[in-house]
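Reader: I would like to check the labels on this model against their cut-offs. Please take me through them.

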Amino acid sequence: MKNIFKTLGLVGILCFASCNSETSLQEYFVDHHDDADFIAVDVPSSLLDKESVALNEEEKEALESIKKVNFLALPLNEGTKGKFDTESAAISKILSSDKYETLMRFGSNGTKAVLKYQGEEDDIDEVIVFATDLKKGLAIIRVLGDNMRPEKMAKLAKSVEEGKIDIGAFKNIAETIDID
């Protein structure tokens, strides 16, 4: 009987020890989606008109690999100054996890941004952009997909830059929170 209690006790301890109490990025988005201080937008890839744009094969493959884009922003104003620091720290802690790899960091004039990904270098499942601006607030963007390839995503980004793909919906979101 003692062995049963010891075994059950050990199993219970292992179960509690294996539980991860850290918030995931997915949980963070869900927890803040209905927060009135945040702007939350989920954009399915179907919003992009894939048929009417002239893209080469690699650009089409990159666009097809995107399944959804999640956008969450906290505009900075008198009522959100304290929350800005707290939420920036919370997001930074989540993104410091070993499961996210840093692609690049950049910033100037009070604006900082980091680009991270989850998955393999040649098979990315999630791309994350986290930006903070001391005057405008913070924004975090998740690009979810299957088999996203960095080189193809870079070509797709260039197509967006060249105006081949209309990103008016995303520009409207940025204007809502006054991001240049």
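Author: Start with the aromatic pairs: a search of the whole structure finds zero. This is a predicted model, where local features need pLDDT of at least 70, side-chain atom pairs count only at pLDDT 80 or more, and totals for chains, interfaces and linings use all residues. Residues are numbered from 1 along each chain as its sequence is written, and side-chain values use heavy atoms, with hydrogens and water left out.

Reader: What makes two rings an aromatic pair?

Author: Rings of Phe, Tyr and Trp (its six-membered ring) pair if their centres lie within 6.5 Å; planes under 30 degrees apart are stacked, over 60 edge-to-face, the rest tilted. The search finds zero such pairs.

Reader: Why is R142 said to lie over the face of F29?

Author: The rule asks for NZ of Lys or CZ of Arg within 6 Å of the ring centre and within 35 degrees of the ring normal. R142 is at 5.5 Å from the ring centre of F29, so the distance passes.

Reader: Why is the contact between E126 and R142 called a salt bridge?

Author: A salt bridge needs a side-chain nitrogen of Lys or Arg within 4 Å of a carboxyl oxygen of Asp or Glu. The closest N and O atoms of E126 and R142 are 2.6 Å apart, so the pair qualifies. E126 sits in strand 5 (residues 123–133) and R142 in strand 6 (residues 137–148), 16 residues apart. Helices (H or I, at least four residues) and strands (E, at least two) are DSSP runs, numbered from the N terminus.

Reader: Are E126 and R142 buried or exposed?

Author: Both are buried. Buried means under 20% relative accessible area, exposed over 50%, partly exposed in between (1.4 Å probe, protein chains only).

Reader: Which residues are linked with K83 in a network of salt bridges?

Author: D35 and D37. The side chains of D35 and K83 meet at 2.6 Å, N to O. That pair links distant parts of the chain: D35 is in the loop between helix 2 (25–32) and strand 1 (39–44), K83 in helix 4 (residues 81–95), 48 residues apart. For K83 and D37, the closest N and O atoms are 2.9 Å apart. D37 is also in the loop between helix 2 and strand 1, 46 residues from K83.

Reader: How many salt bridges does the rule give?

Author: The count comes to four.
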